[in-house]
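Try each task yourself before you read its solution.

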Amino acid sequence: MVHVCRKEHFNAAHKLWNPNWSEEKNKEVFGPCSNVNWHGHNFELIVTVKGLPDPETGFVVDLKELSRLIKTLVIDKVDHKNLNMDVDFMLGKMASCENLVMEFWKILEPAVNAIVPNGHLYKLTLYETPRNFVEYFGEG
Ligand SMILES: Nc1nc2c(c(=O)[nH]1)N=C([C@H](O)[C@H](O)COP(=O)(O)OP(=O)(O)OP(=O)(O)O)CN2
């Protein structure tokens, strides 16, 4: 089995804010990430597919096709957007990396698996900053 990875990039604004808490508690828990007028990040999303290379192409998955799919299904929906306000699948959710990556998985898993004949989506890695990132392997 080989792990094949594609990295995509997006910029987005958000704030970490629990509407059930006071302003003081939001500031205490989320610090500058609770800034009322938002803040932005340069996100990196790495999609990892695991599988066997096709004997005729040598590919587990065509990376151009994978890139096109990630851009169409995810990046176009979040790039240069406000994650709290503009992105339908994040409405009513805390705009944390954990929640984002889990929503990305739900969108990507069926579509990615459909273009990987001898493999499947294995992992999503989402960098919010160069030092803060999450990894998700799906629910199983
Ligand atoms: N479990 C989580 N913790 C935090 C998340 C998150 O999504 N999940 N998000 C944030 C902030 O949105 C953001 O990541 C914090 O940015 P920043 O403090 O700038 O992070 P850096 O690592 O770049 O800053 P340094 O302090 O310079 O390392 C917070 N927590």
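**Exercise 1.** Does Ala 12 count as buried or exposed, and why?

*Solution.* Keep in mind that this is a predicted model. Step one: take the cut-off, which is that a residue under 20% relative accessible area is buried. Step two: look up the value for Ala 12, which is 6% relative accessibility. Step three: because of that 6%, Ala 12 counts as buried.

**Exercise 2.** Find where Ala 12 sits, and list the residues in contact with Ala 12 beyond its neighbours within four places in sequence.

*Solution.* First, locate the element: Ala 12 belongs to strand β1, which covers residues 2-14. Next, set aside the neighbours within four places in sequence; Ala 12 is then in contact with His 39, Gly 40, His 41, Phe 43, Val 78, Lys 81 and Leu 83.

**Exercise 3.** How far apart are Ala 12 and Thr 125, in sequence and in space?

*Solution.* Count along the chain to get 113 residues. Then go from C-alpha to C-alpha, and you find 16 Å.

**Exercise 4.** Describe the surroundings of the ligand.

*Solution.* Start with the residues around the ligand, among them His 14, His 41, Cys 97 and Asn 132. Now sort this shell: three residues are nonpolar, five polar and three charged. Then look at distances to ligand oxygen atoms. For a backbone N or O atom of Cys 97 the distance is 2.8 Å. For a side-chain N or O atom of Asn 132 it is 3.0 Å. For a polar side-chain atom of His 14 it is 3.4 Å. Finally, consider area: the ligand alone exposes 630 Å², and the protein buries 55% of that.

Methods. Residues are numbered from 1 along each chain as its sequence is written. This is a predicted model: local features need pLDDT of at least 70, side-chain atom pairs count only at pLDDT 80 or more; totals for chains, interfaces and linings use all residues. Side-chain values use heavy atoms; hydrogens and water are left out. A residue is near a molecule or strand if one of its heavy atoms lies within 4 Å of it. A polar contact is a pair of N or O atoms within 3.5 Å; within protein, one must be able to donate a hydrogen and the other to accept it, and residues adjacent in sequence count only if both atoms are side-chain atoms. Accessible areas come from the Shrake-Rupley method with a 1.4 Å probe; for residues, only the protein chains shown count as cover. Ala, Val, Leu, Ile, Met, Phe, Trp, Tyr, Cys and Pro count as nonpolar, Asp, Glu, Lys and Arg as charged, and the others, Gly among them, as polar. Helices (H or I, at least four residues) and strands (E, at least two) are DSSP runs, numbered from the N terminus. Buried means under 20% relative accessible area, exposed over 50%, partly exposed in between (1.4 Å probe, protein chains only). Contact means heavy atoms within 4.5 Å.
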